[in-house]
Amino acid sequence: MSAASAARILTSRMANAHNDGVLADIVKQHVGEFDEIHVSAAVSNLAKLTARRGTRTLRKNQRDSVLLLLEERLRGFRRNIRARSVANLLWSYAKLGYDGNHSIVHYLSDQVPRVVDDFEPQHLANTVWAWATMGHQPSAQMLAALERRMLACVDDFEPQTLANTAWAWATMGHQPSPQVLAALERRMLACVDVFKPQELANTVWAWATMRHQPPSNALAALERRMLACVDVFNPQELANTVWAWATMRHQPSAHALAALERRMIACVDDFEPQHLANTVWSWATMGHQPSARALAALESRMLVCVDDFIPQHLANIVWSWATMRHQPSARALAALENHMLACVDDFIPQDVANTVWSWATMRHQPSARALAAFERRMLACVDDFDPQALANTVWAVAMLMNNIEGDKITIDQDVLDQLLHQLEATEFSTLDVKDYRQIFQAHHLLIDRFKPSMALLDQAREAWAKSLNSSSPQSSLEKEVAACLDRLGIVYDAEVLTEDGMHCIDMLVRGRTDDGDKKLLAIECDGPTHFLRASDGTYRIDGSTYARNCDLRNLGLDVLCIAVHDWIRLRKDERDAYFIRELQGRGIVV
């Protein structure tokens, strides 16, 4: 038998090994006869057999001893390893769970510059995928060489090699050149109609992670392809896609969002905590209002796996609910709160700030135990709060202390003092207008318990005043309410600043009672952002609106809030009758 025939038979025996034990025996008996193709085949087959439970029989130490034999044989070939073997071996070691700093990974990676010009698209993709998976950081020169080779053969890339390459770059934190990204986009457009769900999701995820903004035609093409195969997307692919859209600030079509929602509802029982958190975060970031059915489905799934949530998931979910103005069930809030207590010491400042901001926005009253735990955590990590987290937390604490209809919440004065101390130590230029407004409102609500320095307070007051004085076009709701008042002959002033300079009232009715006394009524035309909507279709005003109403009543004003969801259900004649009832009910002569 010729040497070539013997080599082919040996390769065939390894390919046909029905478990890793059989393969190990072949390696032990014949490793001295192996060429680099045999070594590559042995490592590759071992990786595949190890990955499947039914073909895995070796203990870890037994498998490691076989791999060591193969490594020793491989090093003997020095600079004679070919391009295909280099790529395949790196891929196989990644599958076997090798660390990127392992000596054999460095040995093979050092071969890449020598063989890169012989790499085919699959070799390129396998190499960068392996590096990313193992956490190996190649040199800038090595990555540049791969990019040059990719440009030379990009027209032969298939969807999987395109997606894997982009995924690997993003995972490694590598920013390829604009020329390379443009070439990949052109190739993607040429073959997008055969992309599978994983390839679609990985591509947009990679773009978003690399902070790359692809052209609109590329995003539109991927969106069209997604619609064609959305019914086979799995939870990770769904979550990665919407996360990427949100991160890239891409606004997908209503058709695409509806299709993803339908698919999400169909497979929601397979969603893991990260999928749940990423999905609702993405919706909130995009300003998308999902259906009540979708929100209810996610909430039900969350209750099943809440104990597996990490702090970031917990904080992101409540932040998303509050941002979307969704009112979750009391059961869901209680479940999240209970798990927060179990891991509160692992909350980073951003998680803390997002959680208390959400509670305040939703007017949720946390338990005394939960509040005490978050106070302790605030004090433990207050030095690490960034300016925005400080402002959000101060505002939230003030709102929680003033926006609860039940038992009043009390916050430890030391927490307020430490938050203020950190704010005063902040470079004021790092605070934006929203931060200053939050600081000013916190001072207004807490008075002597939160007293910023004159320098900080002056800037906060100026930001608040500017927000009140800024002109915005009259909403359709305001126009319709004004028209109704005009028809009824009701005297009112529009855009009236309160005496304390804290609020600008939409309409101030200057009426009279039957006794001839003056009666002031503040009318506020409240759109969707003023309310939280539960899955059952009921509404509840949010924290900021509740605080505004309390302020106006404390100034001696009666308050009438016109909710847009109630108003749009009334006919013209019903609106007139509604106002007559409301005004007469408050003792105002109509």
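Which residues line the largest cavity? Select Leu-162, Ala-163, Ala-166, Leu-181, Leu-184, Glu-185, Met-188, Phe-195, Thr-203 and Trp-207, and you have its lining.

Before going on, a word on what you have open. This is a predicted model, in which local features need pLDDT of at least 70 and side-chain atom pairs count only at pLDDT 80 or more, while totals for chains, interfaces and linings use all residues. Residues are numbered from 1 along each chain as its sequence is written, and side-chain values use heavy atoms, with hydrogens and water left out.

**Stop 1: the largest cavity**

Stay with that selection. A cavity here is a set of points, on a 1 Å grid over the protein atoms alone, where a 1.4 Å probe fits but cannot get out; lining residues have an atom within 4 Å of a point. The space inside the largest one is about 90 Å³, where a volume is the space filled by probe spheres set on the points, and grid points are joined across faces, edges and corners. Now show helices H10 (159-172), H11 (178-191) and H12 (197-209), each of which supplies at least two lining residues. H11 has the largest share, four residues. Helices (H or I, at least four residues) and strands (E, at least two) are DSSP runs, numbered from the N terminus.

**Stop 2: the largest pocket**

Next, select Arg-437, Ser-467, Leu-468, His-530 and Ser-544. Of the 45 residues lining the largest pocket, these are the closest to its centre. A pocket is an open set of points with protein on both sides within 12 Å along at least five of seven lines, and this one holds about 1,500 Å³ of space. Color helix H24 (433-446), which gives the most to the lining, with five residues.

Glu-495 is partly exposed, with a relative accessible area of 49% (buried is under 20%, exposed over 50%, partly exposed in between, with a 1.4 Å probe and protein chains only).

**Stop 3: the cores**

A nonpolar core is a set of buried Ala, Val, Leu, Ile, Met, Phe, Trp, Tyr and Cys residues joined through side-chain atoms within 4.5 Å. The largest has 180 residues, and Leu-74, Tyr-93, Phe-119 and Trp-321 have the most contacts inside it. Helix H22 (387-402) gives the most to this core, with 11 residues. A second, separate core of 18 residues includes Cys-525, Leu-560, Phe-579 and Ile-588.

**Stop 4: helix H29**

Follow Phe-579 to its helix. The buried residues of H29 are Arg-575, Asp-576, Tyr-578, Phe-579 and Leu-583. Look down the helix axis: they fall within an arc of 160°, so they line one face (the arc is that of the directions from the axis to the C-beta atoms). On the other side, Arg-581 and Gly-585 are exposed. The cover over the buried residues includes helix H26 (476-488) and strand S4 (518-526).

**Stop 5: Met-324**

Finish in the loop between helix H18 (311-323) and strand S1 (326-327), where Met-324 lies. At 5% relative accessibility, Met-324 counts as buried. Among the residues that Met-324 touches are Val-280, Trp-283 and His-288, leaving aside residues up to four places away in sequence; contact means heavy atoms within 4.5 Å.
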